[in-house]
Amino acid sequence: MLIFFAASIMSVSAADDENVLKLGIQINEFKLMNSLVRPWYDSANFFSLTNTPLVIYRPDLDIAPGLASSWEIAPDGKSIKFSLVENATWSDGKPVTAEDVAFSFDYWKKNKLYSQGYWYDAYLDHSDIIDNHTVNVFFNEPVAVASLTTEIATTSIIPKHIWEMVENPKEYDGPDGMVGCGPFIFEKFDKDAQVVYLKANSNYFSGKPAVGEIEWHYYRTQDALILALKKGDIDAQLEYYNPVPGVYAADLIKPENVELVTVPDIGVPLHLVFGLREYPTNVKEFRQAISYAIDYQALVDMIAAGYGDVPGKGYCVPQLPGYNPNLPKLEHNITKANELLNSSGFVDKTGDGFRDAPNGAELKIPIDVDSSKPQQVRAAEIINLELQKVGLNTFVESLSPDIASQKLWTDRDYCIFISKSTPYGNLVSDSAASYYVDIPGMYGTSTDQKIIDLVEKAMYSRDQEELLQTRSAIQEYVAENLPMIALIWGDAIYPVRTDRWEGWTPMYGYGPVNYWSWFSLRPVGK
């Protein structure tokens, strides 16, 4: 159910810029005007701003047609034939063709662009162009269903005539880097003001959006973005899965003309991932002890201001199709934590007040976190104190975003990492296993054949029933082995102004600013 907590709403007379939607972003600063780098790749094009994928997530996170008007999955699960809309054009006027689609998949694969590129590198075989508006995409494993609902839905199609000459897409800053086929067209970037200007694409294949123009403002901190929204400088925030923490909620419902839109959160806003290549976090009993040492209700109260719940041991949220309701909730129990550590040989052998390894070696365990994520840093600090209470010598290692990304996704050399899972991360067929399983196309560290078999079974699912059954079994594995722990469950909160725009279309997990709102919004009173 989508729920609205409304402050008082007061209509105002339309301003001269009544058809300009003003949005804010805080996670990623604008640097390159290039549709294949952040924030374009994720915050913009996930919601089909300037570029559109073959299929698009509906508000309930089901799949809807995008550039593809229809598709057909082969019985063996190893290919998908896409029929493209025939009236799509690039913003430079050239037609969108099957050749662009085939090129896009190969380009993402060749350059290993983000998680999608790694997936294609592992599983994409080739694409056959049948005619100008039909393309058949082949995989080397039966992963077509999994690919359609996750990777393909988040892969923006790009123009071959521009990108085929670009060797380093993440560094490209040419004047044509923003040519797209989405509902909006990039106009200009004011570097000094950190504002991007876009206009509605009157030739968009699904019709011109209701919003005439967008101003997208960058703010250095979340506090600055929230203040801008409260003052009316922006109407809402546009960024990939960044709901406001519950601590802001009480303050945000006070101003007139601000509404809190809460949506079921398929993601997990705060989680702990164990590095299973490292000692002692590769010991199951050690991970179980840590799970008992954490006070989850305290995290809900202190990080989410009560806007959340204590999670279950299976990690996945109740709103996720295939949720296993038979698994217990996580439990804060210091006695059990100490008992597990003692029985596993983790005791203080040197008398310094901290537990040592069973062989007597000193243990000093970092808790890694991205320094640009204040709520995650605060959670790491709280968990650090709780682990020290059971005698573990832990410390918070706050890393720059680039180093954090390198350590978590590339090197994978951490013991404990505090992060989050987006709704997309849970919707994939493996149900968040990409965070802890070490197989092609994923970023984890577990090589346990039991979970690998389950994940591959989910990836190769031929129908929804098989997928949901396997997803439930994966949750049972997580509950027993705890390769990672959800720290908070809860709805996602997104504030919007109500004095200039109405008709928002909320989307599970991601809130009211999305592809569907481009067409449903209207100035207040119109």
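**Notebook: strands, a helix and a pocket**

I began with strand β13, where both faces are covered: V258, L260 and T262 on one side and E259, V261 and V263 on the other are all buried. Buried here means under 20% relative accessible area, with exposed being over 50% and partly exposed in between (1.4 Å probe, protein chains only). I noted that strands (E, at least two residues) and helices (H or I, at least four) are DSSP runs, numbered from the N terminus.

The model is a predicted one, in which local features need pLDDT of at least 70 and side-chain atom pairs count only at pLDDT 80 or more, while totals for chains, interfaces and linings use all residues. Residues are numbered from 1 along each chain as its sequence is written, and side-chain values use heavy atoms, with hydrogens and water left out.

**Entry 1: strand β13 and its partner**

I counted 6 of the 6 residues of β13 (residues 258-263) as buried, so this strand is largely enclosed by the rest of the structure. I then looked up its pairing (two strands pair if DSSP finds at least two bridges between them). Strand β19 (residues 492-497) runs antiparallel to β13 and is joined to it by 6 bridges. T262 has I493 of β19 as its bridge partner.

**Entry 2: G509**

I found G509 in the loop between β20 (501-502) and α16 (517-520). Its relative accessible area is 0%, so G509 is buried. For contacts I used heavy atoms within 4.5 Å. Not counting residues up to four places away in sequence, G509 touches Y241, V263, P264, D265, I266, P423, A492 and Y494. I also checked S398, 111 residues from G509 along the chain; the two C-alpha atoms are separated by 27 Å.

**Entry 3: strand β11**

For β11 (residues 213-218), 5 of the 6 residues are buried, so I recorded this strand as largely enclosed by the rest of the structure. Strand β2 (residues 20-25) pairs with β11 in the parallel sense over 6 bridges, and I25 has Y218 as its bridge partner in β11. Strand β10 (residues 195-200) pairs with β11 in the antiparallel sense over 5 bridges. There, K199 stands opposite E213.

**Entry 4: helix α2**

Helix α2 (residues 98-110) has 13 residues and reaches 18 Å from its first C-alpha to its last, close to the 18 Å expected at 1.5 Å a residue. The expected span is 1.5 Å times one less than the number of residues. I listed its buried residues as A98, D100, V101, A102, F103, S104, F105, Y107 and W108. Among the elements covering them are α1 (40-44), β6 (79-84), α3 (114-123) and β7 (124-131). Just after α2, K112 takes a positive phi of about 45°.

I located T470 in helix α15. T470 counts as buried, at 2% relative accessibility. Leaving aside neighbours within four places in sequence, T470 is in contact with L454, K457 and A458.

The second largest pocket is lined by 24 residues, of which L61, D62, T149, Q464 and L467 lie nearest its centre. α4 (144-149), α14 (449-459) and α15 (464-481) each supply at least two lining residues. α4 gives the most, with 4 residues.

A pocket is an open set of points on a 1 Å grid over the protein atoms alone, where a 1.4 Å probe fits, with protein on both sides within 12 Å along at least five of seven lines; lining residues have an atom within 4 Å of a point.
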